[in-house]
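Welcome! Take a moment to look over the protein shown here, then read on for a short tour.

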Amino acid sequence: MLLKQHKTRNTASVRAEDDLDIDGTVDEDLGKSRDGSRTDDEVVQREEEAIQLDGLNAAQIKEIREKSEKHVFQAEVNRMMKLIINSLYKNKEIFLRELISNASDALDKIRLLSLTNEDIMDGNEELTVKIKADKEKNMLHITDTGIGMTKEDLVKNLGTIAKSGTSEFLSKMTEMQTEGQSTSELIGQFGVGFYSAFLVADRVIVTSKHNNGTQHIWESDSGEFSVIEDPRGNTLGRGTTITLVMKEEAADFLEPETIKNLVRRYSQFINFPIYVWSSKTETVEEPVEEDAEAQDETEPKKKDKDVTEDEAEAKVEEEEAEKDKPKAKKVDKTLWDWELMNDIKPIWQRPAKEVEEDEYKAFYKTFSRDSDEPLSHIHFTAEGEVTFRSILFVPAAAPRGLFDDYGSKKTDFIKLFVRRVFITDDFHDMMPKYLNFVKGVVDSDDLPLNVSRENLQQHKLLKVIRKKLVRKTLDMIKKIAEDQYNDKFWKEFGTNIKLGVMEDHSNRTRLAKLLRFHTSNSDTALTSLEQYVERMKDKQDKIFFMAGASRQEAESSPFVERLLKRGYEVLYLTEPVDEYCIQSLPEFDGKRFQNVAKEGVKFDESDKAKEKREALEKEFEPLTTWMKDKALKDKIDKAVLSQRLTSSPCALVASQYGWSGNMERLMHAQAYQTGQEITKNYYASQKKTLEINPKHPLMKQMLKRVNSDAEDQTTSDLAVVLFETAALRSGYRLPDTKAYGDRIERMLRLSMNVDLEEQVEEEPEEEPEEEQAEEEDKKEDVKADEEEEEKEDLGAKVKEEL
């Protein structure tokens, strides 16, 4: 830990030169240089002016490098740095996260010491991190006012980490590489994050001042390092500056916007203020120079000949008033200043009782970039195998495309922090799929700082965190007020809860209590399963439900007729996922579920009622046997008398493990089904039970017909039509709709006394259009000839008369 605190965080940089030519030589080919005619002394002077850096010019830098103590990195450290630079980090931008984290650790340490020794802050009262990019010199400076490092600390912590975790780091890395595992998590575990600076820098310069020593400069090109006392004296007061001389390909990290985005992404919740040196353009008024003003006054002024005396006097007064005002003009100016990056405070670090409701709302809006206030939130600290703090929110509305690519789409609503440093939001398993709408932060001190995304998915502590997050989320949802839950939450996220019942077996009981459905008990209000159970009739041992495409379809189904008549409450499942959801629930509060479109619906009956039913079964046995063995032999499994029908003549009932009509409709509507699935074909081919209503007049008439003539074709056709109509009313598809239409037409002909053999009247054949056109042309020609002959005859008569 000490290694990490000093090595990375107490690392700072001085504004020194790296590989620039400090010898000040001129170009060899003087003819190619515009400065070729100048003396060598002029060139050296010009270079010294250009290399002015924090009070050190080129000559001073050269002197420092000559006098500094030279050190060679320990072989293991050198090998470790090469691994880091060449292979360990996939994402170079994390160098800034590492350096800021270390700066924060250094600030934490000095703040802790100041609690027992107030004088320790005398060198610098400020506790900040400041980042400044210098594009002209190709340098990035990260300065903290933390505890700082002495000369010994610089050598020990940044160069010869003899007793550090370096050996363990290398052995662990070798082991993980042998096993083919990702090694990027190792940096945070072994405190070598400082060396990530070499991912983007050719040279790293650290300037540090500790209260117990003088200010020193540490410099390295990753091959060797040097340490020397800073000739400038104490410029820091206390703390560390890390200067990175950036690689050519890392120039983008010198852009202020890039730096700001990285700080906001990774370090916005660091406890100490982080400032970035940035610019902004403002319009300001500047006084006009006197020379320009005098020039304006000497310009000839045009006078209007028609100006009246009053207007002239008014103009003179205006001019006098203008003269009294100072002359100014508006100009755009670029202003540079320190801009605070982390003004959002990590409120999860505070006890929940100390955080006001408005603070939670403000934090949520800033953190999630959501304009609406959250529907609910929970703030907690988990302890045990892993300790972490978290705040979770339920948004007021479902995010757009919530179920697009469900299960495979990355969600970034849960952000993982380690010691307030952002690690990642690229999770598939931080929250289960069905809770992909929950937003929040998780901050743990027990996870490695640089844990990789790949290994994090499999990290054993993450599984513990996930388990606790789910429990807390369900507790939060459970505490939402009933009216808000039904009107807002269920409308937006009801499908998620149903998916949870199907997917999360360990929390199925908790999720079942959150389910809401429409029921026959109310036309509009939703009900929970707990409320349903409370209203159940005496001796009712099952929860009845009916699935359909809409409430109207469900409540008008023949399957619910007798249930509703007897006062039983029925759940109406109208969403596509509903029936899947209930099938995943074996029971609720000791009550099993009964799909009223399947076998198994029975009612308590007295001995007298039972005798009456058995008598009816014996009476209708000829009809049920005839239907099963003859008329509907290949269509049904059996025909029985129904206990669930009151007004419908018959209904088609699925077996306990078969598909209901609603489920069949859903399965055939699957976008990717090919029709070749074995399971699908098995369920689809299962025969159903035809339940008939013995009190319906059609069934009584059918019994009479079968008893009188079981071979009558019309009776057989009637049985098939009844079966197909029952299939439609029960929600099933007909395999041959044309045959069904033909049978209906036959029944209509019989009922309307239309001969079954009478054909449709044929329309007279029309001549082809070409022949009609030729015929019309001929007629027109004949008519024209006749008119011509009449004219000739008339002319002849006129001649005769003359």
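Helices (H or I, at least four residues) and strands (E, at least two) are DSSP runs, numbered from the N terminus. By that rule, the protein has 28 helices and 23 strands. This is a predicted model, where local features need pLDDT of at least 70, side-chain atom pairs count only at pLDDT 80 or more, and totals for chains, interfaces and linings use all residues. Residues are numbered from 1 along each chain as its sequence is written, and side-chain values use heavy atoms, leaving out hydrogens and water.

**Cover**
- Of the 802 residues, 46% are buried (under 20% relative accessible area with a 1.4 Å probe, protein chains only; exposed is over 50%, partly exposed in between).
- In helix α23 (residues 661-668), six of the eight residues are buried; they are G661, N662, M663, E664, L666 and M667.

**A helix to check**
- Helix α14 (residues 460-478) has 19 residues and should span 27 Å (1.5 Å times one less than its number of residues).
- The end C-alpha atoms of α14 are 28 Å apart, which agrees.
- Among the buried residues of α14 are L461, L462 and V464.

**Aromatic rings**
- The structure holds 22 aromatic pairs (rings of Phe, Tyr and Trp, its six-membered ring, with centres within 6.5 Å; planes under 30 degrees apart are stacked, over 60 edge-to-face, the rest tilted).
- One of them is the tilted pair F363 and F393, 6.2 Å centre to centre with 35° between the planes.
- F363 belongs to helix α12 (residues 357-368) and F393 to strand β11 (residues 388-394), 30 residues apart.
- F363 is buried at 4% relative accessible area, and F393 is buried at 0%.
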